[in-house]
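Here are my notes on the model, as numbered points. Please read them with the structure open.

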Amino acid sequence: MLDLSAAFDVIDHPILIKRMEYSCGITGTALSWLKSYLEMRTQRIAIGSVLSDEIRLLFGVPQGSVLGPKLYCIFARPIGEICKRHNMCYHCYADDTQVYLVFKPLDNWTNISKRLEACVADISKWMCSNLLKLNEDKTELIVFAPKPSEEPLRLASQFWWKRCQ
C-alpha cells in the first residue's frame, strides 16, 4: 500500500494538461475548460479580518472537489503502466494505490521479493521525476500466507529494511 505526501497539492499543471491531451485524448473546448479550471485558481490567507495578498496557484488540484480525484488519476496513470511492466497487479483511487501479486506458496520468495522491490523502486523514481513523494514511513507491505512460514516474513522484512535505508 503506497502512501504519498501531499499528492493533490503538488500536481504540476503543464504535466497534467499534457497527459489529458495525449494520454486521454481530451482536446478543444473540453481541454480549454479544464486548463482554466486549473490555471485560474488563487489562494489567500485570512487571520481574523486581515487578508493576505492573493496568489495564483501553479500546482495542485482541489481536494474534495468532484474533479480532484479524477485529475489525480489521470496524472498518476503511469503508475499502472509501471506495475504492468513488472507483471504486478494494482488498484488505484485518487492517491490511494495498492500494488499486489498473487502467488503460490511454493513460488520462489526471493524472486517475488526482487520483483516487488524493482517495481516499488521504479514507482518511486517516477514519482520523484513528477514532483510526487512516496512516504516510505507510511507505505506498508503485507504478506498473506495460507499457513505460517518464516521465509515470506524474512524476505518481507529484508525488503522493507532496504527501502527504509
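Does D122 count as buried, partly exposed or exposed? D122 counts as partly exposed, because its relative accessibility is 24%. The cut-offs are under 20% relative accessible area for buried and over 50% for exposed, with partly exposed in between (1.4 Å probe, protein chains only).

1. Basis of the notes. This is a predicted model, in which local features need pLDDT of at least 70 and side-chain atom pairs count only at pLDDT 80 or more, while totals for chains, interfaces and linings use all residues. Residues are numbered from 1 along each chain as its sequence is written, and side-chain values use heavy atoms, with hydrogens and water left out.

2. Overall layout. The chain has 6 helices and 8 strands; these are DSSP runs numbered from the N terminus, with helices being H or I of at least four residues and strands being E of at least two. Along the sequence the pattern reads β-α-α-β-β-β-β-α-α-β-β-α-β-α. Of the 165 residues, 35% count as buried. The accessible surface of the chain is about 10600 Å², and carbon and sulfur atoms make up 57% of that surface; areas come from the Shrake-Rupley method with a 1.4 Å probe, and for residues only the protein chains shown count as cover.

3. Contacts along the chain. Among contacts with a separation of 6 or more, 62% are between residues 24 or more positions apart. A contact here means heavy atoms within 4.5 Å.

4. The salt bridge. The count comes to 1 salt bridge, the term being used for a side-chain nitrogen of Lys or Arg within 4 Å of a carboxyl oxygen of Asp or Glu. K125 forms a salt bridge with D122, and the closest N and O atoms are 3.9 Å apart. Both K125 and D122 lie in helix α5, 3 residues apart, which is about one turn of the helix. An α-helix has 3.6 residues a turn, so residues three or four places apart point the same way. K125 counts as exposed because its relative accessibility is 56%.

5. Aromatic pairs. The structure holds 3 aromatic pairs. The rings of F8 and Y72 have centres 5.6 Å apart and planes at 25°, so this pair is stacked. F8 lies in the loop between β1 (4–5) and α1 (13–22), and Y72 in helix α3 (residues 67–75), so the pair ties together parts 64 residues apart in sequence. Both F8 and Y72 are buried. The rule takes rings of Phe, Tyr and Trp (its six-membered ring) with centres within 6.5 Å; planes under 30 degrees apart are stacked, over 60 edge-to-face, and the rest tilted.

6. A charge over a ring. R19 lies over the face of F75, at 5.0 Å from the ring centre. The criterion is NZ of Lys or CZ of Arg within 6 Å of the ring centre and within 35 degrees of the ring normal.

7. Strand β7. T97 is found in strand β7 (residues 96–100) and counts as buried, because its relative accessibility is 2%. Leaving aside neighbours within four places in sequence, T97 is in contact with M1, L2, I79, H91 and C92. V99 is also found in strand β7, and V99 is buried, with a relative accessible area of 15%. What does V99 touch, not counting residues up to four places away in sequence? V99 touches L2, C83, M88, C89, Y90, C119 and I123. V99 and L2 are 97 residues apart in sequence, yet 7.6 Å apart in space, C-alpha to C-alpha.

8. Helix α4 and what follows. The buried residues of helix α4 (residues 77–85) are P78, I79, G80, I82 and C83. Their cover includes α1, α3, β6 (89–93), β7 and α5. Just after α4, N87 takes a positive phi of about 55°. N87 is in the loop between α4 and β6 and is exposed, with a relative accessible area of 58%.

9. L131 is in the loop between α5 (109–129) and β8 (133–134). L131 has a positive phi of about 65° although it is not a glycine, and L131 counts as partly exposed at 43% relative accessibility. L58, F59 and L131 make a nonpolar surface patch of about 280 Å². Patches are made of residues with over 30% relative accessible area and no salt bridge; nonpolar side chains (Val, Leu, Ile, Met, Phe, Trp, Tyr) are joined within 5 Å, and like charges within 9 Å.
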